[in-house]
Amino acid sequence: MVTYIVRRLLLMVPTLLAITQRVFSVMAMAPGGIGASLMTRGGDMRTEERLAMQAYLNERYGLDDPLALQYVRWLNRVSPVGTTNAPDGSLSGFGFKVPDLGMSFVKNRPVLDLVAEALPITLLLNLLTVPLVFGLSILMGVYTARFRGQALDVGISTVNLALWSIPTIWMGVMLIGLLASEQYLKLFPTSGLASLRSDTWTFLPVLTEAGWQHGYLLDVIWHLALPIVCLTYGGFAFLTKLTRSAVLENLSADYARTARAKGASDSVVLWQHVFRNSLLPLLTVAGSILPGLLVGSVIVETIFSIDGMGRLVVEAVQMRDRELVLSVALITGLLTLLSYLLVDVGYAVADPRVSYE
């Protein structure tokens, strides 16, 4: 197992190089090149002014250098091992250094600062959504398999199929129109993660002289209710069906019949024997969760005006913000490869028959 893990870790290096190189090439080959978004902010400048601005941008960001040199320069900057520059710009040596994700072309801010602002919001949404989706889906999948063909199985399957058929963008618009609109119920806010004056409130609910104040915590929960609904309902159908199929396959296995013949109760057979052997498909799906935590949901964050990673990445792609797009691609690729490695290790933990020796 150790040899397998080390080999997989070493293979991550060329894989990450291929991912970032492909993203860099696509951006470079787009109409206008990488600096196109920078030049569009020039407006109606005269020809000499535009040429001067273009020369300044090329010199500042090195856009007039060969593409291969630009990519190698970026790779050296984000790598923990490489060359370092002296204050006068000359090379000072080769060795370990602190990776630098660079400056955003469009926002003119460090990429790390932009990610640090948007990532906690996306993580908050996903860390609330993922346990809810997996927890409810596992329960529904196990018990629909246990009561196959009965009213519970038919009812849950029908509802989940209906939810799976509803597009997320339509659901979000309908929730805002019915539950948040002033013309109807107005039970929830339409956008954001907190009220404008929430920073002056206490964290927990409190009774003040002015009346009841629900506090910052309840205010955030109130704002997160509709986005979490949009993020969770679509996953129920797929994961429930996947769990149900895996549990049904193992319920009829020889080891399950042997456990029943030895006097084990149905709950023991279901949860201690069958469920553990049904985890492999769920582990496969879980491998895509880790990179998803970073990227976020573009649709939900856009509908509810949440400044998370989803909106940040889309804006970076639209504006061709090379440094931000490449940094997010690098981090997402690294998390994806690590998640697949964790899934392979989880296979061996869940099923002793799996071996990588």
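The model is predicted. The protein has 15 helices and four strands. Of its 357 residues, 36% are buried. Among contacts with a separation of 6 or more, 66% join residues 24 or more positions apart.

**Helix α10**

- Helix α10 runs over residues 266-277, which makes 12 residues.
- At 1.5 Å a residue the helix should span 16 Å, and its end C-alpha atoms are 16 Å apart, so the two values agree.
- Val 269, Leu 270, Val 274 and Phe 275 are buried in α10.
- Viewed down the axis of α10, the buried residues fall within an arc of 140°, so they line one face of the helix.
- An α-helix has 3.6 residues a turn, so residues three or four places apart point the same way.
- The cover over the buried residues of α10 includes α5 (111-146) and α8 (215-251).
- Also included in that cover are α9 (254-261) and α11 (279-286).

**Aromatic pairs**

- The count of aromatic pairs comes to five.
- One of them is Phe 24 with Tyr 71: the ring centres are 5.6 Å apart and the planes stand at 55°, so the pair is tilted.
- Phe 24 lies in helix α1 (residues 2-29) and Tyr 71 in helix α4 (residues 67-78), so the pair ties together parts that are 47 residues apart in sequence.
- Phe 24 and Tyr 71 are both buried.
- Tyr 143 and Phe 147 have ring centres 6.5 Å apart and planes at 15°, so this pair is stacked.
- Tyr 143 counts as partly exposed, at 34% relative accessibility.
- Phe 147 is partly exposed too, with a relative accessible area of 27%.
- Tyr 143, Phe 147, Trp 271 and Phe 275 form one aromatic cluster.
- Phe 275 is also one of the buried residues of α10.
- Arg 146 lies over the face of Phe 147, at 5.1 Å from the ring centre.

**Asn 250**

- Asn 250 sits in helix α8.
- Its relative accessible area is 12%, under the 20% limit, so Asn 250 is buried.
- The side chain of Asn 250 reaches the backbone oxygen of Ala 246 at 2.7 Å.
- Beyond its neighbours within four places in sequence, Asn 250 is in contact with Tyr 255, Ala 256, Val 274, Asn 277 and Ser 278.
- Val 274, one of these contacts, is itself buried in α10.

- Ile 331 lies in helix α15 (residues 322-350).
- At 28% relative accessibility, Ile 331 counts as partly exposed.
- Ile 331 and Leu 16 are 315 residues apart in sequence, yet their C-alpha atoms are 9.3 Å apart in space.

**Positive phi in loops**

- Lys 186 has a phi near 50°, a positive value in a residue other than glycine.
- Lys 186 is found in the loop between α7 (168-180) and β3 (206-208).
- Ser 305 has a phi near 55°, again positive in a residue other than glycine.
- The loop that holds Ser 305 runs between α13 (298-303) and α14 (309-318).
- Ser 305 is partly exposed, with a relative accessible area of 38%.

How values were computed:
Residues numbered from 1 in each chain as written. Predicted model: local features only at pLDDT ≥ 70, side-chain atom pairs only at ≥ 80, totals over all residues. Heavy atoms only, no water. Helix = DSSP H or I, 4+ residues; strand = E, 2+ residues; numbered from the N terminus. Expected span 1.5 Å × (residues − 1). Buried < 20%, exposed > 50% of the residue type's maximum accessible area, 1.4 Å probe, protein only. Arc of directions from axis to C-beta. Contact = heavy atoms within 4.5 Å. Phe/Tyr/Trp six-rings, centres within 6.5 Å; stacked < 30°, edge-to-face > 60°. Lys NZ or Arg CZ within 6 Å of the ring centre and 35° of its normal. Polar contact = N/O pair within 3.5 Å; in protein donor to acceptor, adjacent residues only side chain to side chain.
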